[in-house]
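Student: Please take me closely through one part of this model, with the cut-offs behind each term. After that, go on to the side-chain contacts and the backbone elsewhere in the chain.

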Amino acid sequence: MNNVSHSSSSSSSVNSASDPNVGRSRSGDGSQTMAAEPSRRWRDVFWLGIFMIHLILVGGALAVLGLNRFKKSDRLNLDQYTKNYLENQKGFTEDYWPLYALAGGVGTVLGWTWLLFLGSQASHMMKIAVHILTTYLAVLSVLCFWMEQFFWGVAFAIGAGLLFLHVLAVIDRLPFTMLVLQAAVKMVWSLPEVMRVAYAFMLIMLLWMGIWSFGAAGVVALGIGDGGRWWLLVVLSVSLFWTGAVLCNTVHVIVSGMVFLVLSHGGREASSIPSKSLMKSLRYAVTTSFGSICYGSLFTAAIRSLRWKIRGVRSKIGNNECLLCCVDFLFHLVETLVRFFNKYAYVQIAVSGKSFNHSARDAWELFQSTGVEALIAYDCSGAVLLMGTLLGGLITGTCSGVWTWVKYRDRVAMVGSTAMLMGMILVGIAMVVVESAVTSIYICYAEDPLLIHRWDPEFFNQMSEMLHQRLQHRSARAREVLTHNRVDNHHTLETLPF
C-alpha cells in the first residue's frame with residue numbers, strides 16, 4: 001500500500017504541475033488549500049452550440065406537433081403532407097397529455113422520495129432495486145403477453161433473463177459495492193446544499209418535460225400510421241434522453257466539485273473551505289464547462305453500458321479461446337473509447353475546467369498509473385444505481401401504461417415506453433447525486449489516499465485492503481496466462497519437424 005500511496009502522490013504532483021488551471025499548496029498539518037485560480041476558458045463550445053440549436057429546433061417542432069391536434073383536428077393542416085399514410089383517426093393532444101402528466105408526477109415523486117430517504121434508507125432501497133428489478137421485469141413480461149403486446153413481452157422477458165445472469169455474475173462484488181455506496185451516501189448527506197441542487201434541476205427537467213410531453217401527445221394523436229408515429233417518437237425520445245443526460249451530468253459536475261472540495265480540505269467543517277463554493281461550482285457548470293457536459297452526455301452512457309456487458313461476458317467465457325479472442329478485441333476497443341469517454345471526467349471538469357476528452361484521459365491515466373483502475377473494474381456501484389433508475393422508470397411507465405390501457409388500448413406501447421423514459425430521467429437526476437460522490441471518492445483516492453484517510457479511516461482501510469486483493473488477483477491471472485502461453489509455445493516447438 002505504501003507503493004500505491006507513493007505513486008498516487010507522485011501522479012497528483014505531476015498532474016497539478018502540468019495543469020496551469022489548478023494550483024494546490026499543502027500546509028504543514030496536511031490540509032489542502034486552493035491557490036488563486038485564474039478565470040476559466042470556455043471548453044467544447046462547438047457541442048454547446050449544437051445542443052442549444054437542437055433545443056430550439058426540437059422545442060419548435062414540439063410546439064407545432066402539439067398545437068396541430070390541440071382542441072381541433074389538424075389545426076395547422078399538417079395531414080396534407082402525410083395523406084398517403086392517413087388513417088382518419090380522431091385524436092387530440094389533450095386526450096394523451098394527462099397520461100404524460102401522470103408519468104411526470106410519478107417520476108418526480110419517486111425521485112424526491114429517493115432524496116428524502118437517502119440518509120436513512122438508501123442502503124435498503126438499493127438492495128431492493130437489485131433484487132426486485134428482475135422479478136418486476138418478469139411480471140411486466142407476463143402482463144404484456146396478456147395485453148397482446150408480444151414485442152414488449154419478449155423484450156421484458158429477455159431483459160429479465162439478462163439481468164438475472166448479470167446479477168449472478170457480479171453477486172460476489174455486491175458487498176464492496178454497497179460499502180462504496182454507503183460511503184458516498186454519508187458524504188452527500190453531509191452536504192444538504194447539493195440535495196437542493198438536485199431538487200431544483202428535477203423541477204427544471206419537469207418543466208421541459210411539460211413541453212416535450214405536449215409535442216409527444218400530439219404525435220400520438222396524429223392521423224398517420226403507426227410506423228410514422230413511432231419514428232417521430234424515437235426522434236423525440238433521443239432528444240429527451242440527451243437533454244436529460246445533460247441535466248444529470250450538470251448535477252454530477254456541481255456535486256463532484258463540492259465533494260472534491262470537502263475531501264481536499266479535510267471535512268465539511270473545515271474553516272479553509274471557500275465561501276460560496278457551491279455557487280462557484282454551479283456557475284462553472286452552466287457556463288464555461290457546459291459545452292464539455294453536452295459533449296460527454298452524448299456518448300458516455302452508451303459506452304459505459306457496453307463496457308459492463310462485455311466485462312460480464314468476458315468473465316464467463318472460460319477456455320473457449322476463439323470466443324475469448326473475439327471478445328478481447330471488442331473489450332480493448334471499448335477500453336480505448338473509455339479512455340476518452342468516462343464519467344470520471346466530470347470530476348476533472350469540476351475541479352480544473354478542462355475539456356471533456358482531456359479530463360477523461362487524465363482521469364483514466366491517473367487510475368492506471370496508481371492501480372486504482374483495478375478497484376473501479378471490481379466496483380458495480382454504477383450498475384446498482386442504474387438498476388434503481390430502471391426500476392423507477394418501469395414503475396412510471398406501468399402507471400401511465402395501465403391508464404392508457406383503460407382509455408386507449410391501441411396506444412399503450414407508445415405512451416408506456418415514452419413515459420418509462422421520462423421516469424428514468426427524473427429518477428436518474430436523484431441517483432446521480434450519489435454517483436457523483438462515488439466518482440469523486442475514487443479520484444481523491446487515486447490522487448492522494450490520505451484525503452480519504454482523514455475523512456474516514458475505517459473506509460480507507462477497507463478500500464486499501466480490497467485494492468491489495470485486486471492487484472494480487474490480477475498478478476496471479478497474468479502469471480497464469482504467461483505460464484499457459486509458455487507451455488503452448490514449448491509444445492508447438494516440440495511438434496515441429498526438423
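Tutor: Let us begin with Gly210, which is placed in helix 7, residues 192-220 (helices are DSSP runs of H or I of at least four residues and strands are runs of E of at least two, both numbered from the N terminus). The model is a predicted one, in which local features need pLDDT of at least 70 and side-chain atom pairs count only at pLDDT 80 or more, while totals for chains, interfaces and linings use all residues. Residues are numbered from 1 along each chain as its sequence is written, and side-chain values use heavy atoms, with hydrogens and water left out.

Gly210 has 26% relative accessibility and therefore counts as partly exposed (buried means under 20% relative accessible area, exposed over 50% and partly exposed in between, with a 1.4 Å probe and protein chains only). Its C-alpha lies 8.9 Å from that of Trp97, although Gly210 and Trp97 are 113 residues apart in sequence.

Other links across the chain are made by charged side chains, and the search gives four salt bridges (a side-chain nitrogen of Lys or Arg within 4 Å of a carboxyl oxygen of Asp or Glu). One of them joins Lys186 to Asp456, with 3.0 Å between the closest N and O atoms. This pair connects distant parts of the chain, since Lys186 is in helix 6 (residues 174-189) and Asp456 is in the loop between helix 17 (449-455) and helix 18 (457-495), 270 residues apart. Lys186 is partly exposed at 44% relative accessibility, whereas Asp456, at 14%, is buried.

A salt bridge also joins Lys343 and Glu435, whose closest N and O atoms are 3.3 Å apart. Here too distant parts are linked, Lys343 being in the loop between helix 11 (321-340) and helix 12 (345-352) and Glu435 in helix 16 (residues 412-447), 92 residues apart. Both Lys343 and Glu435 are buried. In another salt bridge, Asp410 and Arg411 meet at 2.8 Å, N to O; Asp410 is exposed, with a relative accessible area of 53%, while Arg411 is buried at 4%.

Turning to the rings, the whole structure holds 20 aromatic pairs (Phe, Tyr and Trp rings, the six-membered one for Trp, with centres within 6.5 Å; planes under 30 degrees apart are stacked, over 60 edge-to-face and the rest tilted). Phe46 is exposed at 57% relative accessibility, but Trp47, at 22%, is partly exposed.

Two arginines lie over the face of Tyr284: Arg40 is 3.9 Å from the ring centre, and Arg283 is 5.2 Å from it (NZ of Lys or CZ of Arg within 6 Å of the ring centre and within 35 degrees of the ring normal).

For the backbone, most residues other than glycine have a negative phi. Asp44, in the loop between strand 2 (32-34) and helix 2 (45-68), has a positive phi near 50°, and at 22% relative accessibility it is partly exposed. Lys276, in the loop between helix 8 (226-264) and helix 9 (277-286), also has a positive phi, near 55°; Lys276 is exposed, with a relative accessible area of 69%.
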